[in-house]
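Hi,

Here is the structure I promised to pass on.

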Protein chains: 2
Amino acid sequence: MRSLLGLDWGTSSLRGALLDSDGNVISERSFPRGISTVAAGQFNAVFNSCFADWMQTDTLCLIAGMAGSQQGWVEAPYCPCPAGFEDVAAQLAWVEPNRIGIVAGLSIDHNGLPDVMRGEETQVFGALRLLGLHTARLVLPGTHSKWVTTVDGRITDFSTYMTGEVYALLRQHSILARTMPDEDVAHSATAFERGISIALHGNGLLNTAFSVRTMALFNRMAIDALPSYLSGLVIGEELKSQHLSSSETLVLVGTPDLCERYQQALALLGIVPHIIGNQATWSGLRKIADKLES
Amino acid sequence: MRSLLGLDWGTSSLRGALLDSDGNVISERSFPRGISTVAAGQFNAVFNSCFADWMQTDTLCLIAGMAGSQQGWVEAPYCPCPAGFEDVAAQLAWVEPNRIGIVAGLSIDHNGLPDVMRGEETQVFGALRLLGLHTARLVLPGTHSKWVTTVDGRITDFSTYMTGEVYALLRQHSILARTMPDEDVAHSATAFERGISIALHGNGLLNTAFSVRTMALFNRMAIDALPSYLSGLVIGEELKSQHLSSSETLVLVGTPDLCERYQQALALLGIVPHIIGNQATWSGLRKIADKLES
């Protein structure tokens, strides 16, 4: 079994892990070299500057994420859903044949509306492997959160929610920004939960978001708690549209910060999710690599 | 009856009209001198430079809008709802006693969540007067759209929707901006209606907005049509949360551009609204002035 260099090369960051044949992480590195910082034609140079010393003669490198987009290193296709990891493994876009490959993304059509993912498919396959699950519902929170359904190990449905991006827009660029502190402030669990609760019973984010302003205007909430309140309103809006039941088996895949917030929000719905960190990507890439060599 | 100078002094613009005793507009002026352009202490100077020649000895000036906010000329109170125009007329904030007055705004409390308006209350009272209505539902589209319920001439309920602002944030600052033309493009009625329809049956704006990106990615819609499509998604989201029925008597108050879009959107729900332009403000101010002198 060849050693594997796994990369998670997204829009804003580049992370890599050297894995042994069992999928154990031998070493990890992270760089602020997301594809948005890499000029066309410079991907090879950035790759070598970050990882050349890890690429031995027989090392296989597999890359998940936006490195496979039009603005990335080499464009990888979108596999139409339903799709399993075998489909994704069969459609790698090779930068160098059998040496550096980029994992295909997924696409789906909802009554004429397309949706896409790149990178999350690998996290999903990795999370299922780590948990020994085949049929599950997963949420991968982030700038563009993904809600994913798998049946017998295959991704049968998914939807994107622009939750993290809309939060950032409202936090930084809207009229609400004027009533909130400029700097990052400590998370207020109480304000966050109030936001979740209002969103779950509210009349939509276009309406509830305005309360960030009026709460400040009438001194109903401390200024430093408003960003957490807004975060609750936006994440609560995402959760509301999922129509979750408390008996739901849910897998939460993401960074510790985001997983903690979603865990707190889901608790209000009586849901205790399985939680998997970013090792999901390494596990998914190892699984695809094993398939290539089998 | 004294002659009346009516001002609509908002965040981004300053409009004025000289009215005769019947409320007819004798002359109108508009300046790009919204309160966001006026430094503290400079309101008097801006007022004089724009309107001094219209202020005869016995002219009354009444002002609606954000000029009555904390960042405005003189802070006017918020009247709690339900409130009629008599309540608003009784709580004018006088810049100069019995000569220049600012109309009070309105506030309401929805289960602990405050909401506010400044300026729209005057438009509502004016629109009711122009239409001879007392009990109605009104929508005042804009950066922050207001949905208002009146019973027997009094405002009993209202809610704010950040529709125009969220559209501008998504259009200019989000990842969707990268797939849309930089410049303003002609309105596409077809794309707008598709957006309305998708929003009305969709899973929330956090999800549907992402389709602006995927529609472009898969060449499902012309690039120049995407801003209209996004506009439909955002306005449709606002309409969806109103749970409107086709038998609804609805009054639409706003600029010709916005009224045309909302009229088109409402038609998809089988609703034909009454439409009133910005003369609603002048009519409302005349009504308040008459009350002062009666």
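Predicted model: local features only at pLDDT ≥ 70, side-chain atom pairs only at ≥ 80, totals over all residues.

Chain A can be laid on chain B by a rotation of 180 degrees, with 0.0 Å of shift along the axis and an RMSD of 0.0 Å. That is how a two-fold axis relates its copies. Within chain A, the residue that comes closest to this axis is Leu169(A), whose C-alpha lies 3.3 Å from it. The copies meet through the same surface, because 100% of the interface residues of chain A are interface residues in chain B as well.

Next, helix 5 of chain B, which covers residues 189–201. Its 13 residues should span 18 Å at 1.5 Å a residue, and the end C-alpha atoms are 19 Å apart, so the two values agree. Its buried residues are Ala191(B), Phe192(B), Gly195(B), Ile196(B), Ile198(B), Ala199(B) and Leu200(B). Their cover includes helix 6 (205–208), helix 8 and helix 9 (256–267) of chain B, along with strand 9 (113–117) from chain A.

Is Gln242(B) buried or exposed? Its relative accessibility is 8%, so Gln242(B) counts as buried. Leaving aside residues up to four places away in sequence, Gln242(B) touches Arg137(B), Trp147(B) and Tyr161(B). With Tyr161(B), the side chain of Gln242(B) makes a side-chain polar contact of 3.2 Å.

Best wishes

Key. Residues numbered from 1 in each chain as written. Chains lettered and ligands numbered in written order. Heavy atoms only, no water. Least-squares fit on C-alpha atoms with pLDDT ≥ 70 in both. Contact = heavy atoms within 4.5 Å. Buried < 20%, exposed > 50% of the residue type's maximum accessible area, 1.4 Å probe, protein only. Polar contact = N/O pair within 3.5 Å; in protein donor to acceptor, adjacent residues only side chain to side chain. Helix = DSSP H or I, 4+ residues; strand = E, 2+ residues; numbered from the N terminus. Expected span 1.5 Å × (residues − 1).
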